[in-house]
Amino acid sequence: MDFGFRISPSSAVNLDNVDLEKFEELHRIEPDVYKCMACGSCSATCPAARFSGMSLRKVILALQRGKEKEALAMMKNCMLCGKCTMVCPRGINTRHLILSICRIYKEETK
Amino acid sequence: MKENIVIIGGGIAGLEAAAQLLDLGYKPIIIEKNDHLGGHVADWNKLFPDMTPANDVVSSLVARAADANIFLNTEISFVNRLNDSYNIMLSNGISIITRIILLATGFSLFDASRKEEYGYGVYDQVITNKDLEHWFNTGDDPRIGDCAMNAVGFVHCVGSRDEKARNSQCSKVCCITAVKQAIELKQMFPESMVYCFYMDLRMFGKKFEDFYISAQRDYGIRFIRGRVSEVSENIDGRVIVKAEDTLSGKPVKVTLDLLVLMAGMVCSPDSTKVANMTSLPLDSDGFLKSRDNIADIIDSPREGIFYAGACTGPKTVPETLAEARAASLKIHLYIKGLEK
Ligand SMILES: Cc1cc2nc3c(=O)[nH]c(=O)nc-3n(C[C@H](O)[C@H](O)[C@H](O)COP(=O)(O)OP(=O)(O)OC[C@H]3O[C@@H](n4cnc5c(N)ncnc54)[C@H](O)[C@@H]3O)c2cc1C
Ligand code: SF4
Ligand code: SF4
Ligand code: SF4
């Protein structure tokens with residue numbers, strides 16, 4: 001039946017059910033990932049951002065909220081140019097972090 | 001020297017000022033309404049940024065101020081303005097005539113039960129920053145540690161930056177206190193998940209940012225940018241917290257074993273009472289009004305009345321101590337001026 005409106009599924013994140021096993025694995029090899037303070041410098045400087053929506057800030061956040069698909073879709077557009085590493089005020093080796101994310105979350109994407 | 005100096009409030013501000021005035025050769029009088037000295041710091045366990053035991057700070061101040069005339073359990077009944085001095089009547093019946101009053105009456109912790117949506121006093125597993133310090137000191141609080149402690153949350157800005165709570169100011173010390181307490185809990189319960197719900201993180205002081213980075217990197221404390229909108233209790237007595245994760249623009253929900261409210265610093269009713277008795281104005285933030293907020297923060301607009309510490313606004317311990325020292329020097333010079 002069509003009532004002329006629909007209720008979209010809740011976008012709420014329930015932190016009780018987020019599986020962080022992979023993120024913990026990432027944290028073990030990239031302890032600095034937790035240092036991200038969501039300043040957005042990486043995304044602002046990213047040459048891929050304007051055309052593709054890539055944002056490392058959002059990737060780091062999405063992974064912690066269990067939104068892996070969203071994160072990995074963005075990551076596809078990264079060119080590994082390393083500009084973000086040069087601007088991160090928390091000194092995170094973001095390029096290395098991106099490679100580690102790819103390695104750990106790889107199977108999931110196929 | 002016979003000049004009477006009356007210090008109202010025996011917290012760290014009053015004690016430090018008394019110690020300095022003793023060193024300068026005066027015999028100050030401390031009036032403290034509680035049965036012990038040290039004020040709020042006597043209730044804390046370890047102090048940021050170096051985790052100094054609060055007790056060490058208080059006991060060394062108490063020792064240095066020991067030669068002052070100290071009245072505990074004593075309040076001010078009334079103050080009369082005489083020609084060039086004040087007549088202070090104490091609740092124990094003693095009256096003192098003095099030309100110099102130092103207000104070191106400190107602050108009050110915001111009453112967290114007034115933020116009803118957070119459920120303090122209603123839900124068992126909701127406590128305040130002060131309750132947690134008390135537990136660190138005594139281990140005596142069945143709400144903490146007896147439960148699973150799998151997940152713990154901190155709510156920043158409780159009763160601060162909140163016009164509904166009639167306090168639009170930032171209390172300054174609670175961000176760093178939340179980070180400090182989060183680390184301390186994580187050290188005791190390494191397996192637990194610790195969340196901080198913040199609007200902004202205000203890490204203004206010496207080494208505060210290092211504390212924050214360490215909380216993130218070394219302790220994995222999760223910082224979620226968003227104000228907790230409501231708290232409810234589930235059937236097994238755990239609390240459910242709702243907020244918006246403003247960085248992703250999505251609502252978040254989490255179930256916690258313990259929720260700690262970072263109650264802010266507001267002007268104490270005891271300060272206001274004394275201010276009324278001495279016709280001192282309040283500033284627009286509710287704290288005692290200084291002659292000037294840049295150049296003369298320790299001067300009141302009234303002749304012979306000075307301020308030190310958190311009675312003029314939120315302050316850290318080192319800031320309070322620095323003001324108390326400045327106020328004692330000011331008083332010394334003021335007396336020298338009177339003697340001319
Ligand atoms: C949760 C929390 C944790 C904190 N942790 C830290 C920390 O780790 N490090 C740090 O640097 N700072 C910390 N602070 C800040 C610190 O508590 C203050 O800087 C300090 O207490 C200010 O001292 P004070 O003497 O001005 O006021 P208070 O500590 O409030 O003392 C005032 C005293 O005056 C007495 N008094 C008031 N009115 C009267 C009256 N009319 N007659 C008689 N007596 C009166 C009171 O009973 C009290 O003893 C923290 C604050 C909070 C809220
Ligand atoms: S390495 Fe990737 S994320 Fe970083 S700036 Fe280059 S394209 Fe953007
Ligand atoms: S620049 Fe660094 S700290 Fe800022 S959002 Fe990017 S990764 Fe995080
Ligand atoms: S110090 Fe932090 S928690 Fe306290 S009122 Fe200011 S912003 Fe809020």
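**Close-up 1. The shell around ligand 2 holds nine nonpolar, one polar and one charged residue.** This is a predicted model. Chain A supplies the residues listed here: Cys46(A), Pro47(A), Met54(A), Cys78(A), Met79(A), Leu80(A), Cys81(A), Gly82(A), Lys83(A), Cys84(A) and Ile98(A) surround ligand 2. Which of them is the charged one? Lys is counted as charged, and Lys83(A) is in the shell. Gly is counted as polar, and Gly82(A) is also in the shell. The space that ligand 2 takes is the second largest cavity.

**Close-up 2. Ligand 4 is surrounded by residues of chain B, among them His156(B) and Cys157(B).** Ser160(B), Arg161(B), Cys170(B), Ser171(B) and Lys172(B) also belong to the surroundings of ligand 4. So do Cys174(B), Cys175(B), Asp200(B) and Arg202(B). Which elements give two or more residues to this shell? They are strand 12 (151-158) and helix 4 (174-188) of chain B. By class, the shell around ligand 4 has four nonpolar, three polar and four charged residues.

**Close-up 3. Five strands of chain B form an open sheet with parallel pairing.** The strand order is 5-2-1-9-20. Strand 5 (69-71) and strand 20 (305-307) of chain B are the edge strands, and each pairs on one side only. On average, neighbouring strands of this sheet are turned by 20° against each other, direction ignored.

**Close-up 4. Helix 7 (residues 317-339) of chain B packs on the five-stranded sheet.** The helix touches strand 1 (5-8), strand 9 and strand 20 of chain B. Its direction makes about 170° with that of strand 9 of chain B.

**Close-up 5. Strand 9 (residues 100-103) and strand 20 of chain B run parallel.** How many bridges join these two strands? Three bridges do. Look for Leu102(B): its bridge partner in strand 20 of chain B is Phe306(B).

**Close-up 6. Strand 1 of chain A is joined to strand 17 (residues 250-256) of chain B by two bridges.** The two strands run parallel. Asn14(A) stands opposite Lys253(B) in strand 17 of chain B.

Note on methods:
Residues are numbered from 1 along each chain as its sequence is written. Chains are lettered from A and ligands numbered from 1 in the order in which they are written. This is a predicted model: local features need pLDDT of at least 70, side-chain atom pairs count only at pLDDT 80 or more; totals for chains, interfaces and linings use all residues. Side-chain values use heavy atoms; hydrogens and water are left out. A residue is near a molecule or strand if one of its heavy atoms lies within 4 Å of it. Helices (H or I, at least four residues) and strands (E, at least two) are DSSP runs, numbered from the N terminus. On a 1 Å grid over the protein atoms alone, a cavity is a set of points where a 1.4 Å probe fits but cannot get out, and a pocket is an open set with protein on both sides within 12 Å along at least five of seven lines; lining residues have an atom within 4 Å of a point. A molecule sits in a cavity or pocket if more than half of its atoms lie within 2 Å of its grid points. Two strands pair if DSSP finds at least two bridges between them. Axes are lines fitted to C-alpha atoms, for helices over the stretch in contact, and angles run from 0 to 180 degrees between N-to-C directions. Contact means heavy atoms within 4.5 Å.
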